[in-house]
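Morning, everyone. Please have a look at the model on the screen. I'll keep this brief.

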Amino acid sequence: MARDKAALAAETWERMFDFFIRTSAQRVKVLARMGLTPNDARALSALDVTKGRTMRSLADEWGCDASNATLIIDRLEKRALAERRAMPGDRRVKLVVLTPAGLKTRQRLLDGMYDPPPEVLALPRASLEVLRSALPPGNNPRREKW
């Protein structure tokens, strides 16, 4: 019986999403070990050390208001993981950048998050190869391409 592509895509996505939810304990442990919240992790991944982001651009990306983005960045600033800088040419506008400590923390966070959960390690090699080839590559430039 031929399956409708949309139905197949929906079932595939449902399985991927359910798997992601079932394996959340590992991600929660990584965050807890580092004393981070999910919002902290999202902020660390949205920032870099050179190109600053305005609170408005962060709030827009995160789908929240600027006051919520401010609270998230305040948490990172208290831990010296991010800092606000005046925008060149308009000191009224503040740009948020990662500090060197923030960059190191983000890398440690990614290292922990990218460790495969036991459920993935238990899959047969052939299944892993099929999954890898079916999914688009990520955007982490430090990961070697196998």
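I'll talk about one arginine, then a surface patch.

This is a predicted model: local features need pLDDT of at least 70, side-chain atom pairs count only at pLDDT 80 or more, and totals for chains, interfaces and linings use all residues. Residues are numbered from 1 along each chain as its sequence is written, and side-chain values use heavy atoms, with hydrogens and water left out.

Start with arginine 53. It sits in the loop between helix 3 (38–46) and helix 4 (55–62). Helices here are DSSP runs of H or I, at least four residues, numbered from the N terminus. Is arginine 53 buried or exposed? Arginine 53 counts as buried because its relative accessibility is 18%. Buried means under 20% relative accessible area, exposed over 50%, partly exposed in between, with a 1.4 Å probe and protein chains only.

What does its side chain do? The side chain of arginine 53 makes a polar contact with the side chain of serine 57, at 3.1 Å. Another goes to the side chain of glutamate 61, at 2.7 Å. A polar contact is a pair of N or O atoms within 3.5 Å; within protein, one must be able to donate a hydrogen and the other to accept it, and residues adjacent in sequence count only if both atoms are side-chain atoms.

Now leucine 131. Leucine 131 is in helix 8. At 43% relative accessibility, leucine 131 counts as partly exposed. Leucine 131 also belongs to a nonpolar patch on the surface. Like charges are joined within 9 Å, nonpolar side chains (Val, Leu, Ile, Met, Phe, Trp, Tyr) within 5 Å. Helix 1 gives the largest share of the patch, five residues.

Conventions: Helices (H or I, at least four residues) and strands (E, at least two) are DSSP runs, numbered from the N terminus. Patches are made of residues with over 30% relative accessible area and no salt bridge: like charges are joined within 9 Å, nonpolar side chains (Val, Leu, Ile, Met, Phe, Trp, Tyr) within 5 Å. Accessible areas come from the Shrake-Rupley method with a 1.4 Å probe; for residues, only the protein chains shown count as cover. A salt bridge is a side-chain nitrogen of Lys or Arg within 4 Å of a carboxyl oxygen of Asp or Glu.
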